[in-house]
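Trainee: I am new to this structure. Could you take me through how its features get their labels?

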Amino acid sequence: MELKAGERIDDLQRNGYQIIQNEGKFCFGMDAVLLSGFVKVKPGEQVLDLGTGTGIIPILLSAKTEAEHLTALEIQEESADMAKRSVELNRLADKISVVTGDIKEASKLFGKAVFDVVTTNPPYMNDKHGMKNPDLPKAIARHEVLCSLEDVIREASYVLKPNGRFYMVHRPFRLAEIFAVMQKYKLEPKAMRLVHPFADKEPNMVLIEGLKGGKSMIKIAPPLIVYKEPGVYTDEIYDVYGY
């Protein structure tokens, strides 16, 4: 596999899979890996990942689940190109399709009510939240430059089948907004898990499951602790990573 300037190949510790990344642009983080461990996919289901970046979530889900097919949507051509080459590198072209396109147009691109599961690790920050990275690819990945939280949730709802499942990783400080928008688009929050860097620290991530057309009832899972001491992951994190 030919690499472009600044690119490298990282080992994902799952099924021998690897991923092409460019540290100068954007690399996947722990949030994507934790989301892949939170998602539940039944055998034979169709999955869509909104804003896939370099394809980390579909590649991990192809190793962890028996999904029939995974579709990865990414608007940045450079990231989509890396995702496509990573799919080829892992010989997953029959399992994963990478599509270059806009999240805001997902239901037009794929049609409505066609997927069993939608996953997303969207930009966490809006214009009011912190400084934007001057590097555009990183800014697009972290701030709502090209799509809003509502765009992501609306399109996820549109493309999901009735009783389809929505999985997202986000920041706890936006939970009230997240739940309000999910319910607006008939994605009922059904499960939530807070992620804490240490047992005595506030959570800095939240994993959410929604059900298309579900009834009102949410299950709060035990907190997920990342580190038991500085530099040492908890056993559960090692398990999620597959070490």
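This is a predicted model: local features need pLDDT of at least 70, side-chain atom pairs count only at pLDDT 80 or more; totals for chains, interfaces and linings use all residues.

Mentor: Start with the term helix: a DSSP run of H or I of at least four residues, numbered from the N terminus.

Trainee: How do you know that the span of H3 agrees with its 13 residues?

Mentor: The expected span is 1.5 Å times one less than the number of residues. For H3, residues 77-89, that gives 18 Å, and the end C-alpha atoms are 18 Å apart, so the two agree.

Trainee: Which residues of H3 are called buried?

Mentor: The label needs a relative accessible area under 20%. Ser79, Ala80, Met82, Ala83, Arg85, Ser86, Val87 and Leu89 carry it. With contact taken as heavy atoms within 4.5 Å, the buried residues of H3 pack against strands S1, S2, S4 and S5 and helix H2.

Trainee: Why are S3 and S4 called paired?

Mentor: Pairing takes at least two bridges, and S3 and S4 have 5, so they pair; they run parallel. Within S4, threonine 71 is the bridge partner of leucine 48. S3 also has 4 bridges to S6, residues 115-120, so that parallel pair qualifies too. There, valine 118 stands opposite leucine 48.

Trainee: What do S3, H2 and S4 make?

Mentor: A right-handed β-α-β unit. The hand is called right because, with the strands pointing away from the viewer, the path over the helix runs clockwise.

Methods
Residues are numbered from 1 along each chain as its sequence is written. Side-chain values use heavy atoms; hydrogens and water are left out. Buried means under 20% relative accessible area, exposed over 50%, partly exposed in between (1.4 Å probe, protein chains only).
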